[in-house]
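Let's take a walk through this fold, piece by piece. Have the sequence and the 3D view ready.

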Amino acid sequence: MKRKSSRATTPAREAQRLGAEAARTAVDAGRPVAAAADRAAKAAGPAIAAGAARARRTKHPLARGAALSVLAAGGAAWTAAYRADRRRIAADPVKPGLDFELHGRPLAVRAGDGTDLRVRVFGPEGAPTIVLVHGWTCALEFWTLQIQALQDEFRIVAYDLRGHGGSAPSSGGDYSIDAQRDDLEAVLRAAVPADERAVLVGHSLGAMTIVAWAADHGASLTDRVSAVGLFSTGLDDLITSSLILPAPGIGPRVQQELGQLLLGSKLPIPKRATPISSRVVRYVALCGAASPATVAFSEQLVLSCPRDVRANTGSAVSRVELLQGLDAIDVPTTVLVGRDDRLTPPVHAERMTAALSDVLEMIELPDVGHMAPLEAPERTTAAIRALVAAGDRAAAPVGD
């Protein structure tokens, strides 16, 4: 008797097992469905792909029927995982705050190369100005929880990086750190009164942009900036220090080349959330403690970024060498990082803190990944408030 090939039956058995497990868990009111959904999401994708490939290869009616059964079972597991994720997101108490619709005043800003930037101003005119700069693959809505908390007492300026959110793609295809630096200068000129100093706060690429701008405008920095926040960022050696894909033994040069290929990849990603994409985003950008709605919000920002913008900007980020730019920042500065940040781990914050001349705080947040303003909004907002206060104290005449 011929033995049946385990290669032919394993995907079907696995998909059916996952579908049955998800179904049993869903009807069991005393147990959470999340664990089954996680297991289903991890394995349903490979099972579906294996079934689809088998269906394409075979012409035998019975074999094709078996392959289609694999697809059906895998699809059921996938659907169970997707529905479980949606229920967890809907029940998350932080979801209403993330869904809040921001209503800022639009400000027309055109970069030096003609790229139109989406800029919004929140809060009362005449109040201290805070300029928020988001990171790679995000948009100004990334700061929604800080804007909501601060807009009644501060004037907040937030904008989308070129090609991100509502800003136009780069008119010349330039997504370099120099282009980002010049965009920040255009926003500051348009949004901050000439006789006023602003607090600059950047996350990830946004913080890199601030440092690049400071290096280019160091002579006038103290006349225009009262304090700086550098959140969840790194200024050099971004790839070899990353904890996303540990690759011991391959050497830093090969790791650097592989990392640049990855960050600059134009491979398509889903346009809508899936059980797999949400888990990938959680692993890369957040930590295990992040709430379901926080992960979903971050995922939507990432998926909304156009593929060419993501690739070209990522390629530029992979090569930054900006640590010396900190020499130009001689105003109170806060460095903030999540202890579980895999993209820019705390070693970067430690290097920046050592290089800065006026450190207000070095904050390391436990159980927080790369998206600190979303994962730890209250602590992040408190850090921004402290920067405004420090900037005010530094500007006050001696004896006041």
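At what angle do the axes of helix 6 and helix 7 cross? The axes of helix 6 (residues 177–191) and helix 7 come within 8 Å and cross at roughly 80 degrees.

## Before we go on

This is a predicted model: local features need pLDDT of at least 70, side-chain atom pairs count only at pLDDT 80 or more, and totals for chains, interfaces and linings use all residues. Residues are numbered from 1 along each chain as its sequence is written, and side-chain values use heavy atoms, with hydrogens and water left out.

## Two helices that cross

Axes here are lines fitted to C-alpha atoms, for helices over the stretch in contact, with angles from 0 to 180 degrees between N-to-C directions. Helices (H or I, at least four residues) and strands (E, at least two) are DSSP runs, numbered from the N terminus. Helix 6 and helix 7 therefore count as roughly perpendicular, a label for angles of 65 to 115 degrees.

Who touches whom? On the helix 6 side you'll find Ile177, Gln180, Arg181, Leu184, Glu185 and Leu188, and they meet residues of helix 7 including Leu205, Thr209 and Trp213. Contact means heavy atoms within 4.5 Å.

## A closer look at helix 7

Helix 7 has 12 residues and reaches 17 Å from its first C-alpha to its last, close to the expected 16 Å. That expected span is 1.5 Å times one less than the number of residues.

Is helix 7 mostly covered or mostly open? Mostly covered: 10 of its 12 residues are buried, where buried means under 20% relative accessible area (1.4 Å probe, protein chains only). Among them are Met208, Ile210 and Trp213.

## Glutamine 180

Glutamine 180 sits in helix 6 and is buried, with a relative accessible area of 1%. Leaving aside its neighbours within four places in sequence, glutamine 180 is in contact with Leu161, Arg162, Tyr175, Leu205, Thr209 and Thr313.

Now for the strands: eight of them form an open sheet in the order 1-2-4-3-5-6-7-8, with mixed pairing. Two strands pair if DSSP finds at least two bridges between them. Strand 1 (105–110) and strand 8 (359–365) are the edges, each pairing on one side only.

Strand 3 (residues 129–133) and strand 4 (residues 155–159) run parallel, joined by five bridges. In that pair, threonine 129 stands opposite arginine 155 in strand 4. Helix 7 (residues 205–216) lies across strand 3, strand 4, strand 5 (198–203) and strand 6 (225–231), at about 135 degrees to strand 5.

Methods: Angles under 35 degrees count as roughly parallel, over 145 as roughly antiparallel, 65 to 115 as roughly perpendicular and the rest as oblique. Buried means under 20% relative accessible area, exposed over 50%, partly exposed in between (1.4 Å probe, protein chains only).
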